[in-house]
Amino acid sequence: MATLRLGRVLGIPVEIHWSILAVVALFTGNLAVRALPVYVPGADLRWRLVAALVGVILFFASILAHELGHSLVALSHGVGVSGITLWLLGGMAELDRMVPTARAEARIAAAGPAVSGVLAVFFTATSVIGFQLGAWRLAVAVAAWLGFVNLTLAVFNLAPAAPLDGGRILTAALWRRMGDAERARVVAGRCGLVLSVLLVLAGVAQMMTFGPLEGVVTAVVGLFVFQAARTEIRSAVVRGRLRATPAATLASAHPPSMPDSTSVLQLGQWAGTGAGWDTAFPVVRWGLDPVGYVVPRLAASIPPAQQSWTRVGQVMVRSENVDRIEAGATAEDVLAHWDGDRSRVAVLHRGHDPAPTATLTFGQVAPLLAWPDLWGRDRNRPEPGVRTG
Ligand SMILES: [Zn+2]
């Protein structure tokens, strides 16, 4: 996203996305030209614009305060915040890792709407007191507007549908009941899908009733919620699979070894007979201990003309570069270790016994990364104990 760094607040980098300018212009214009003349008849347009602009800036400050609410509670639970971005549809605080417990999830989520609720009370009280004291009418009207939008922010965000804060609170409640964070996230994500459809329908209804401009924001929020809910569901399903799958069920146990003088062409022909394109085969030179491991699918990237004279010893992953992973690890542990590098090879071993029991490659884990359908029904989740690699 094209963003502009505003600075740091409480040590957290704050950025604004250019799309915010559209909202500032839309809200300022709407407030100055349509709303304020109703409450303060006869006010000069220039002063209305100034009051509206200050109001909109305070509105974004309120959103920032909401995100800081999430961030501070996250930090207190040991979850780092890599940054806060303000954009078209509000704010986003990016947590640098998964929230560890259902309790932390609920508290981090509730903190944002709580801040918005407090701000709603504060601005409403300010406008009431200002009105009683006969303060500048435009300021009183803008404070009342700020009270209203903060209340809207708190209530809307409490809708029990991911990715909204209420969806995270729902996730925490289900997580506690079911004991499974990923399944809880899928359910909250489905609620998000339902909410997104309702929002788009409401937006269309608004457009047909009040004119094209009125419903656009609602419909766009609906589309955003749809996208985000879909991402929540997909990543929860994939994470659930990775967590539920022992690496050993994906690995190749004791694959046959081959001499390092074998050509890549021979390796490919052999793999084609069903030996396994994604299996890492030990490569031996003089003795029995492998000097490296070769994966037919990775070796196949050698240009065909060179495959007959390129030897597997030249394209193998050398033994010292192979990851040694405890056989009890999950697919999630292995991928975290590889950090997106598709060319890594791991050997599994049991406890203190250094002898490798199996080899594992990215290609053998990759089927678990396939996306589920929109609703998050998972046909790829392997049954426990069934070998898929
Ligand atoms: Zn929030």
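The largest nonpolar core holds 97 residues, and A247, Y293, V294 and L348 have the most contacts inside it. A nonpolar core is taken here as a set of buried Ala, Val, Leu, Ile, Met, Phe, Trp, Tyr and Cys residues joined through C-beta atoms within 7 Å. Burial is judged from C-beta atoms placed from the backbone: a residue is buried if 20 or more other C-beta atoms lie within 10 Å of its own, exposed if 12 or fewer, and partly exposed in between. Helix α4 (residues 137-157) supplies the largest share of this core, 11 residues. At least three residues of the core come from each of domain 1 (3-244) and domain 2 (247-369). The structure is a predicted model, in which local features need pLDDT of at least 70 and side-chain atom pairs count only at pLDDT 80 or more, while totals for chains, interfaces and linings use all residues. Residues are numbered from 1 along each chain as its sequence is written.

Leaving aside neighbours within four places in sequence, Y293 is in contact with A280, F281, P282, V283, M316, V317, V322, V345 and T359; contact requires that the C-beta atoms of two residues, placed from the backbone, lie within 7 Å.

The protein chain is divided into domain 1 (3-244) and domain 2 (247-369), with bounds that come from an automatic or database domain assignment. The centres of the two domains, taken over C-alpha atoms, are separated by 48 Å. Five residues from domain 1 and six residues from domain 2 take part in the contact.

An open sheet of four strands has the order β1-β2-β3-β4, with mixed pairing. Strands are DSSP runs of E with at least two residues, helices are runs of H or I with at least four residues, and both are numbered from the N terminus. Two strands are counted as paired if DSSP finds at least two bridges between them. The edges of this sheet are β1 (3-9) and β4, each of which pairs on one side only. Neighbouring strands are turned against each other by 25 degrees on average, direction ignored. β1 and strand β2 (residues 12-17) run antiparallel and are joined by six bridges; within this pair, R5 has E15 in β2 as its bridge partner. Strand β3 (residues 81-87) and strand β4 (residues 90-95) are likewise antiparallel, with six bridges between them. These two strands form a hairpin with two residues between them, and W87 has G90 in β4 as its bridge partner.

A further open sheet of four strands has the order β6-β7-β8-β9, again with mixed pairing. β6 (258-259) and β9 (317-318) stand at its edges with a single partner strand each, so one side of each is left without a neighbour in the sheet. β6 pairs with strand β7 (residues 281-284) in the parallel sense over two bridges, and P259 stands opposite V284 in β7.

Turning to the helices, α2 (residues 45-76) and α3 (residues 102-132) pack at an angle of about 145 degrees, with their axes 7 Å apart. Axes are lines fitted to C-alpha atoms, for helices over the stretch in contact, and angles run from 0 to 180 degrees between N-to-C directions. The crossing of α2 and α3 is right-handed, the near helix being turned clockwise from the far one by less than a right angle. S62, A65, H66, E67, G69, H70, V73 and A74 in α2 meet R107, I108, A111, G112, A114, V115, S116 and L119 in α3. V118 is also found in α3 and counts as partly exposed, with 14 C-beta neighbours inside 10 Å.

Some backbone details deserve a look. Most residues other than glycine have a negative phi, and most peptide bonds are trans. A cis peptide bond joins A162 and P163, with omega about 15 degrees, and P163 lies in the loop between α4 and α5 (165-178). L10, in the loop between β1 and β2, has a positive phi of about 50 degrees although it is not a glycine. L10 counts as exposed, with 11 C-beta neighbours inside 10 Å. H254, in the loop between β5 (252-253) and β6, also has a positive phi, near 45 degrees. H254 is exposed, with 11 other C-beta atoms within 10 Å.
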